[in-house]
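Visitor: I have the model open and would like to go through it piece by piece. Please keep the answers careful.

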Amino acid sequence: MDTDVAIIGAGPAGLALACALAGSGLRVTLLERAPEASIADPAFDGREIALTHRSQAILRELGAWDHIPMAETAPLREAKVLNGASPLALRFAPGRAGEPLGRLVPNQLIRRALFQVAATTEARLVADHAVTGLALAPQGATVTLEGGEAVTARLVVAADSRFSQARRLAGIGAATLDFGRSMIVARVAHEAPHGGVATEWFGHGQTIAMLPLNGAMSSAVLTLPPAEAEAAMAMTPEAFGAEVTRRYAGRLGAMTLAGTRHLYPLVATYAHRFIGRRFALLGDAAVGMHPVTAHGFNFGLSGADLLAGEIRGASDPGAVTGLFRYAAAHRRATLPLFVATNAVARLYSDDRAPARLARAALIGAGAVLAPVRRAIVAGLMDAAPLRAATKS
């Protein structure tokens, strides 16, 4: 097979890039190891994505937003951070207009919407084929698939997860931070109303977040040592609901499990470089964020927007000048938050006395310093203009 742009990975970032290249005249091929049925109609995976305003605008521009049922999304009106038993809370609320910080959308609905748009474009999907080889040369790249079939391309984009096999095949390393924790995500029903407020509570030996969904329902995100996480996954639904109620100190009343539970390792990654010869990294393959700031998915969409802007305007999609501009812009956008997020995550997962005092001081300072809160809210609402909104 011969193509202009080969995208490895038909997850949200890869699909968003394929959609953004529609009408460009470029031949686009998506290479995905999973079967097509699981991409077209992905199963619920427990993850609720806090989409920033910019991400919503990107999805709207791509045509995917109209495929997401608004009744299944929920406004994120406020967020607060709690530290142990301290009465102080670091609160993040939108401006005077009352516009939500973002919207919580189930991950599988975003993926399905992007697939529905991609299916209407010229992009070709090769599913159920794993990538086994990659050769990058000045004149072009060759991707070898399981079974021996080869795909030649002028540009290869890897968007195949934070544990990217394609990144390794391209000879690009990544800084990896394993937090030594596992994360359980599950929907829970509760007695008390949440008011559209997301809460992140750093307690002794655990971190628990509650993301507000529609009605008296939240997505519980419980971060624990692996052995404790495995034990919680093995509990009966009734016991798990009681366990989350206990761990959340009954703040929302009694809780009951309202769906399936999903377990994920807590690992952050940052590629040493985002580009190579006729090669680029995108999504979690470039930046795999700790979920505490909810920016990982949003960086995938903004990265696809940046890269599409460079590719569409170039006579050669694999030209080094455009790839370099993409890499520089994406690094400027992601590196400061990646470093800060990991520092905060390490601080709040450290139960030693000095760390507990430091985070209490941090929350105390943020609770009284309005400029600090306003700066963080501006980042959460992420109103930056689109870079690739106008298709040439």
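Visitor: Which residue of β14 does Phe 202 stand opposite?
Guide: Phe 202 stands opposite Thr 207 of β14. A word on the source: this is a predicted model, in which local features need pLDDT of at least 70 and side-chain atom pairs count only at pLDDT 80 or more, while totals for chains, interfaces and linings use all residues. Residues are numbered from 1 along each chain as its sequence is written, and side-chain values use heavy atoms, with hydrogens and water left out.

Visitor: And how do β13 and β14 pair, over how many bridges?
Guide: Strand β13 (residues 197-203) and strand β14 (residues 206-212) pair in the antiparallel sense over 5 bridges, where two strands pair if DSSP finds at least two bridges between them. Strands are DSSP runs of E with at least two residues, helices are runs of H or I with at least four, and both are numbered from the N terminus. Glu 200 also has its opposite number in β14, namely Ala 209.

Visitor: What does Ala 209 face in β15?
Guide: Ala 209 stands opposite Val 221 of β15. The pairing of β14 with strand β15 (residues 217-224) is antiparallel and runs over 6 bridges, and in their hairpin, which has 4 residues between the strands, Gly 215 takes a positive phi near 70 degrees.

Visitor: Why call β14 largely enclosed?
Guide: 7 of the 7 residues of β14 are buried, so the strand is largely enclosed by the rest of the structure; buried means under 20% relative accessible area, exposed over 50% and partly exposed in between, with a 1.4 Å probe and protein chains only. Gln 206, Ile 208, Met 210 and Pro 212 point one way from β14, whereas Thr 207, Ala 209 and Leu 211 point the other way, and all are buried. In a regular strand the side chains alternate between the two faces of the sheet.

Visitor: Which residues of β13 point which way?
Guide: From β13, Val 197, Thr 199, Trp 201 and Gly 203 point one way and Ala 198, Glu 200 and Phe 202 the other, all of them buried.

Visitor: New topic: at what angle do α3 and α8 cross?
Guide: The axes of helix α3 (residues 53-62) and helix α8 (residues 296-312) cross at roughly 50 degrees and come within 9 Å. That makes α3 oblique to α8, since angles under 35 degrees count as roughly parallel, over 145 as roughly antiparallel, 65 to 115 as roughly perpendicular and the rest as oblique. Axes here are lines fitted to C-alpha atoms, for helices over the stretch in contact, and angles run from 0 to 180 degrees between N-to-C directions.

Visitor: Which residues meet there?
Guide: Arg 54, Ser 55, Ile 58 and Leu 59 of α3 meet Asn 298, Leu 301, Ser 302 and Asp 305 of α8, contact meaning heavy atoms within 4.5 Å. The buried residues of α3 are His 53, Arg 54, Ser 55, Gln 56, Ile 58, Leu 59 and Leu 62, and the helix is followed by Gly 63, whose phi is positive, near 95 degrees.

Visitor: How does α1 pack on α8, at what angle and axis distance?
Guide: Helix α1 (residues 12-20) and α8 pack at about 30 degrees with their axes 9 Å apart. That makes α1 roughly parallel to α8. On the α1 side the contact is made by Pro 12, Ala 13, Ala 16, Leu 17 and Ala 20, and on the α8 side residues including Phe 297, Leu 301, Leu 307 and Ile 311 take part.

Visitor: Back to strands: in what order do β3, β4 and β7 sit in their sheet?
Guide: The order is β3-β7-β4, 3 strands forming an open sheet with antiparallel pairing. β3 (48-51) and β4 (74-76) stand at the edges with a single partner strand each, so one side of each is left without a neighbour in the sheet. The twist averages 35 degrees from one strand to the next. β3 and strand β7 (residues 102-106) pair over 4 bridges, with Val 105 of β7 as the bridge partner of Ile 49, and helix α4 (residues 107-118) lies across both strands, running at about 80 degrees to β7.

Visitor: Last one: where does Ala 249 lie, and is it buried or exposed?
Guide: Ala 249 lies in the loop between α7 (237-247) and β16 (255-271), and it is exposed, with a relative accessible area of 51%. Its phi is near 60 degrees, a positive value in a residue other than glycine.
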